[in-house]
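Morning, everyone. Please have the sequence and the structure open while I talk.

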Amino acid sequence: MKKLCILPWVSVETTPIGDVKPCCLAKEAIPNVDLNTSTLEAAFASDYMRDLRQQFINGEQPKTCDRCWDEEAAGRTSKRMNSFLRLREMMKTVDVDFTSTDGKLIFLDLKLGNICNLKCRICGSFSSSKWAQEEIEIQKEWPADYKNNWPHEHLRKGQWPRKNQDFWDNMDKLLPYIRYFEFTGGEPFLISEHFDLLRRAVEQGYSKNIEIHYNTNATTFPKEGVELWPNFKLVEIAFSVDDVGDRFEYQRFGAKWQEVNDNIAKFQELKRNNVNIVLQHCLTVNVFNIYYLRELFIWMQHQTFDSTYFNVLHDAPYFSIRSLPDAAKQEIIEVYRDNPYYKEEVDNLIRFMQQGNSTDGSDLKRLSDESDRQRKQHLKHHHPELARAVGYE
């Protein structure tokens with residue numbers, strides 16, 4: 001079982017709109033599961049999850065896991081591979097039988113709604129309430145037969161953690177068995193309910209057994225976390241920083257570059273005073289930063305992160321480097337031909353880019369134009385190479 005994945009035996013992911021998936025990269029949600037009416041245990045014990053485990057036992061490569069297979073084909077360390085590394089110490093204390101279609105739920109990847117204060121270019125209403133509001137404004141300019149109800153639906157569905165007390169009551173039952181929480185976005189530091197959950201873990205004596213991972217946009221330094229995190233076994237805080245300066249502010253609209261740096265400095269001070277705090281830089285490579293990574297690499301050299309994780313964007317596909325026009329891909333290859341930074345990672349990124357189906361960039365151009373007009377920005381002011389590559393004038 002060389003292509004085995006540990007996650008279906010130990011974990012599920014909640015999406016911002018209340019679906020449940022085997023993991024954050026799975027291409028499909030578990031059918032007939034809605035967290036307004038169902039439980040995490042029911043999702044984990046579902047026929048779908050049992051069938052997924054059986055596929056791995058049979059040595060198959062499930063289609064829902066294609067994003068990992070694509071990354072591995074490019075020589076990258078996929079989430080499947082990284083999960084074995086990340087959870088290896090934890091698994092020594094947990095009885096996991098990889099010949100069984102049952103599992104033991106010890107790891108929860110929780111996206112507790114879509115509350116967010118930013119409108120990142122690579123995001124959307126699915127994960128950001130701010131984005132949903134902008135999409136509603138954008139659609140006012142569309143012909144009537146093109147409009148859809150997605151942003152309204154995402155705003156409504158993104159409220160599920162605040163409307164379903166049964167979910168939180170059930171979480172209390174799971175706390176004795178949980179060993180790992182992952183909180184991502186929306187922006188987790190703005191979702192107060194997750195701090196209530198951590199407080200209950202502390203009060204009930206379970207926090208010493210639990211590790212936490214965050215992905216944050218670094219615009220907030222939460223006092224609740226400073227109070228609660230020292231009680232947990234480990235707290236890893238990953239900062240989503242994909243570019244620097246004006247380009248950073250263009251790509252993560254609503255964030256201020258200097259404020260983010262100031263907050264990172266506060267977290268670094270917190271780490272110096274707490275041995276269980278680990279800081280990570282999470283870099284998501286996408287069409288907006290692929291031309292400009294060298295400047296980000298220089299900024300990275302001056303930080304004191306414990307690690308850097310090179311993430312690649314899969315969805316939406318028009319923001320993936322795999323979908324860039326062929327001419328743009330050739331330009332990017334030249335940009336990094338003599339690159340001295342993170343050479344192995346960059347070489348794998350180039351390989352990943354080349355393996356995708358190129359487009360003419362028209363979707364990227366159209367979506368950039370819609371947001372530029374709403375935000376009174378222009379792609380070519382900060383990303384001239386990308387603008388030229390997709391014919392954006």
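Of the contacts in the protein with a separation of 6 or more, 74% are between residues 24 or more positions apart. Contact here means heavy atoms within 4.5 Å. Before I go on, this is a predicted model: local features need pLDDT of at least 70, side-chain atom pairs count only at pLDDT 80 or more, and totals for chains, interfaces and linings use all residues. Residues are numbered from 1 along each chain as its sequence is written, and side-chain values use heavy atoms, with hydrogens and water left out.

Now the overall build. The protein has 20 helices and 10 strands. Those are DSSP runs, numbered from the N terminus: helices are H or I with at least four residues, strands are E with at least two. The radius of gyration is 21 Å, close to the 21 Å that the globule rule gives for 393 residues, so the protein is as compact as a globular protein of that length. That radius is taken over C-alpha atoms, and the rule is 2.2 Å times the number of residues to the power 0.38. Along its principal axes, the C-alpha trace spans about 55 × 50 × 45 Å.

How much of the protein is buried? Buried residues are 56% of the 393. Buried means under 20% relative accessible area, exposed means over 50%, and partly exposed is in between, with a 1.4 Å probe and protein chains only. The accessible surface comes to about 17500 Å², and carbon and sulfur atoms hold 48% of that. These areas come from the Shrake-Rupley method with a 1.4 Å probe; for residues, only the protein chains shown count as cover.

Find Trp-9, in helix α1, residues 7–10. Its relative accessibility is 1%, so Trp-9 counts as buried. What does Trp-9 touch, if we skip residues up to four places away in sequence? The list includes Leu-4, Phe-44, Phe-56, Ile-57, Val-96 and Phe-98. Charged residues are on it too, among them Arg-53, Asp-97, Asp-102 and Lys-104. Look also at Leu-105. It sits 96 residues from Trp-9 along the chain, yet their C-alpha atoms are separated by 7.3 Å.

Cys-65 is another one to find. It is in the loop between α3 (47–57) and α4 (66–73). At 19% relative accessibility, Cys-65 counts as buried. Its C-alpha atom is 11 Å from that of Leu-4, which is 61 residues away along the chain.

Next, helix pairs. Start with α16, residues 326–335, and α17, residues 343–354. Their axes come within 11 Å and cross at roughly 170°. Axes are lines fitted to C-alpha atoms, for helices over the stretch in contact, and angles run from 0 to 180 degrees between N-to-C directions. So α16 and α17 are roughly antiparallel to each other. Under 35 degrees counts as roughly parallel, over 145 as roughly antiparallel, 65 to 115 as roughly perpendicular, and the rest as oblique. Who makes the contact? Lys-329, Ile-332 and Ile-333 come from α16, and Ile-350, Met-353 and Gln-354 from α17. By class, that is four nonpolar, one polar and one charged. Nonpolar covers Ala, Val, Leu, Ile, Met, Phe, Trp, Tyr, Cys and Pro; charged covers Asp, Glu, Lys and Arg; the others, Gly among them, are polar.

The second pair is α7 (residues 129–139) and α18 (residues 362–375). Here the axes are 11 Å apart and the angle is about 100°. These two helices, α7 and α18, are therefore roughly perpendicular. Trp-131, Glu-134, Glu-137 and Ile-138 of α7 meet Glu-370, Ser-371, Gln-374 and Arg-375 of α18. The classes in this contact are two nonpolar, two polar and four charged.

Last, some backbone details. Which peptide bonds are cis? One runs from Gly-185 to Gly-186, with omega near -5°. Gly-186 is in the loop between β5 (180–183) and α11 (192–203). Another joins Asp-315 and Ala-316, with omega about -10°. Ala-316 lies in the loop between β10 (307–312) and α16.

Asn-32 has phi near 65°, and at 82% relative accessibility it counts as exposed. Ala-218 has phi of about 65° as well, but Ala-218 is buried, with a relative accessible area of 0%.

That's my tour. Questions, please.
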